[in-house]
Amino acid sequence: MSNKEYRPTLAQIRTFVTIAERRHFGTAANQLQISQPSLSQALVALESGLGIQLIERSTRKVIVTPVGERLLPYAQATLEAADSFVQHSRGAQGVLTGQLTLGIIPTIAPYLLPELLRAAQERYPDLEPKIVEETTPALMDQLRNGQLDAALIAFPTGTTGLDEIPLYTEDFAIAVAEGHPMAGRDDVTLSELDALDMLLMDDGHCLRDQIMDLCRNANLDVAGMTESVTRASSLTTIIQLVAAGYGGTLLPISAVSVECARPNVAVAHFADSVTASRHVGLVHRSSSTRADEFAALGELITEAFHATVDKRA
């Protein structure tokens, strides 16, 4: 039976949320930086006070009970509100002050961060950004689990429970080896990509999916691309393969000046009539109360993108 006077502490709610999200007591304890006995005691105190079982323990796995599943969104929203309260108390109107953990995909982070961090320090000196570079699936998991506040990715996400803030559209360029027939051209058509030995990043990288979708929409041989055993987990490695004459690739224009300044690499551009681009935006949990801050962050990111491209054009 529940105690009507009982009021859970934020620590107890955070314990429940972390266990429910991680589905493992040891992992949850490590994330909260407490011992497993302390974790268990906090959960027991919460369940006893509420008079319900939130987590079912077994020797092999952790199961969130049906009532726990129903209450989990409310617990997450409570923590979001508490964190927002702290953030808003740290600065005037709480606009981009204190800690903010931002996830960024690998084909954006190294090219946009120099300008973004410089602008953030100048305009929001009280902001303490923490950057996590991961693939889109990993960022979505961390965002849902509360490990990230927001993520900068290529749209669409197709993920429920997240709000999307569209920011900018970024064109693709073509990287080929020096001496390649496409080198230096600015009138390449999509059909010409069929003759290019396309180098792709590993599964999980959205740039790989974007290139394949572009080629698929142009009725090109996507199956031949996926049969290649040559893959890489970074755009830098792909460009090194291009320089060595193993093929060509598409890359976002913000990466051109960094990646294509290497010896033996040339750049080509699509004709003006060709649409070859990606849509980039910011995502955050729908339950977050920091929407105004994320909107301000989105404006800063968009400005940083245009400054990056203009500077390197």
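**Reading the spaces and the rings**

Modeller: Let's start inside: the lining of the largest cavity has ten nonpolar residues, no polar and no charged ones. Here Ala, Val, Leu, Ile, Met, Phe, Trp, Tyr, Cys and Pro count as nonpolar, Asp, Glu, Lys and Arg as charged, and the others, Gly among them, as polar. One caution: this is a predicted model, where local features need pLDDT of at least 70, side-chain atom pairs count only at pLDDT 80 or more, and totals for chains, interfaces and linings use all residues. Residues are numbered from 1 along each chain as its sequence is written, and side-chain values use heavy atoms, leaving out hydrogens and water.

Colleague: How do I read a cavity, and which residues line the largest cavity?

Modeller: Rolling a probe the size of a water molecule over the atoms shows where empty space is left. On a 1 Å grid over the protein atoms alone, a cavity is a set of points where a 1.4 Å probe fits but cannot get out; a pocket is an open set with protein on both sides within 12 Å along at least five of seven lines, and lining residues have an atom within 4 Å of a point. In this model, L100, L102, L116, L117, A120, L127, P129, I131, L297 and L300 line the largest cavity. Its volume is about 80 Å³, counted as the space filled by probe spheres set on the points, which are joined across faces, edges and corners.

Colleague: And what volume does the largest pocket have?

Modeller: About 800 Å³ for the largest pocket. It is lined by 27 residues, and R14, D83, G146, Q147 and D149 are the closest to its centre. The lining of this pocket divides into six nonpolar, eleven polar and ten charged residues.

Colleague: Now the rings. How many aromatic pairs are there?

Modeller: A pair of aromatic rings is described by the distance of the centres and the angle of the planes. Rings of Phe, Tyr and Trp (its six-membered ring) pair if their centres lie within 6.5 Å; planes under 30 degrees apart count as stacked, over 60 as edge-to-face and the rest as tilted. This structure holds one pair: Y168 and F305 are stacked, 3.8 Å centre to centre with 5° between the planes.

Colleague: Are Y168 and F305 buried or exposed?

Modeller: Y168 and F305 are both buried, meaning under 20% relative accessible area, with exposed over 50% and partly exposed in between (1.4 Å probe, protein chains only). Across the chain, 48% of the 313 residues count as buried.
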